[in-house]
Structures are given as structure tokens and as C-alpha cells.
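Dear colleague,

I am passing on the structure below, and my notes on what was found in it follow directly after. Please read them with the model open beside you.

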Amino acid sequence: MLSKFTIDYVVFPQHNTQVRTHRTDDPVEAEEFLMHLLLGHAEIKAIRHEGVELTGHQFDRMIKIAAERIMSELLCDSLHLDAPDIRSRFGFAA
């Protein structure tokens, strides 16, 4: 049975070419994994949903959500603001 979300990535792409795969059925876990990949400067090769590779807008949307969650967490920590303040001041969902 296929996992709902499959993410292909390369850790330390400047020194490595081995593609690894993360599989999950949970969309929130997929977003959190993408957040870790972005923070770790990993190369995200592909994202698949139910076996079909996301391209263009769908791919960009998942990356954007992960990046906004990172930004929101950074703002919360650095400025000591709560989620509603982050949303109203910066437009990021926390």
C-alpha cells in the first residue's frame, strides 16, 4: 500500500548524492519533515501524494507552508509574541 506522502531528499547535497525517502500518511508530519529539510539545507528532490509527483503550484505550496511555519516559530521565539500577534503583525499562521 502506498503512503499518502513520499518525500525524496538528499542530506548534505554538496557532499552527497544518495537520495533518501521519507514516507508518511500524516500531512502535518509531511510539513514538519519538510521544515526539518529546509532548516538542514537538504535538497528536496520530489514530493509525491498517493504515488503522483507534485509539480508546480502544488509542490511550491507545500514548501511555502513549511517555510511560513519556520518563519512563524522564529518570530514567536525571537520577539516573544504569541500566535495571534504573529498572524496580525506579519500574516503568518502560527
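The largest nonpolar core holds 16 residues, and those that touch the most other members are Ile-7, Leu-34, Leu-37, Ile-44, Ile-47 and Met-62. A nonpolar core here is a set of buried Ala, Val, Leu, Ile, Met, Phe, Trp, Tyr and Cys residues joined through side-chain atoms within 4.5 Å, where buried means under 20% relative accessible area, exposed over 50%, and partly exposed in between, with a 1.4 Å probe and protein chains only. At least two residues of this core come from each of strand 1 (5-10), helix 1 (27-39), strand 3 (43-49) and helix 2 (56-79), and helix 1 gives the most, with five residues. Helices (H or I, at least four residues) and strands (E, at least two) are DSSP runs, numbered from the N terminus.

This is a predicted model, in which local features need pLDDT of at least 70 and side-chain atom pairs count only at pLDDT 80 or more, while totals for chains, interfaces and linings use all residues. Residues are numbered from 1 along each chain as its sequence is written, and side-chain values use heavy atoms, with hydrogens and water left out.

In helix 1, the buried residues are Ala-30, Glu-31, Phe-33, Leu-34, Met-35 and Leu-37, and their cover includes strand 1, strand 2, strand 3 and helix 2. Leu-37, leaving aside neighbours within four places in sequence, is in contact (heavy atoms within 4.5 Å) with Ile-7, Tyr-9, Ala-42 and Ile-44. After helix 1 comes His-41, whose phi is positive, near 60°.

Strand 1 and strand 3 are paired in the antiparallel sense over six bridges, pairing being called when DSSP finds at least two bridges between two strands; within strand 3, Ile-44 is the residue opposite Tyr-9. Strand 3 is also joined by two bridges to strand 4 (residues 52-53), again running antiparallel, and there Arg-48 stands opposite Glu-53. The hairpin of strand 3 and strand 4 has two residues between the strands, and Glu-50 takes a positive phi near 50° in it.

His-22, finally, lies in strand 2 (residues 20-24) and is buried, with a relative accessible area of 16%. The side chain of His-22 makes a polar contact of 3.3 Å with the side chain of Glu-29, a polar contact being a pair of N or O atoms within 3.5 Å, of which, within protein, one must be able to donate a hydrogen and the other to accept it, and residues adjacent in sequence count only if both atoms are side-chain atoms.

With best wishes
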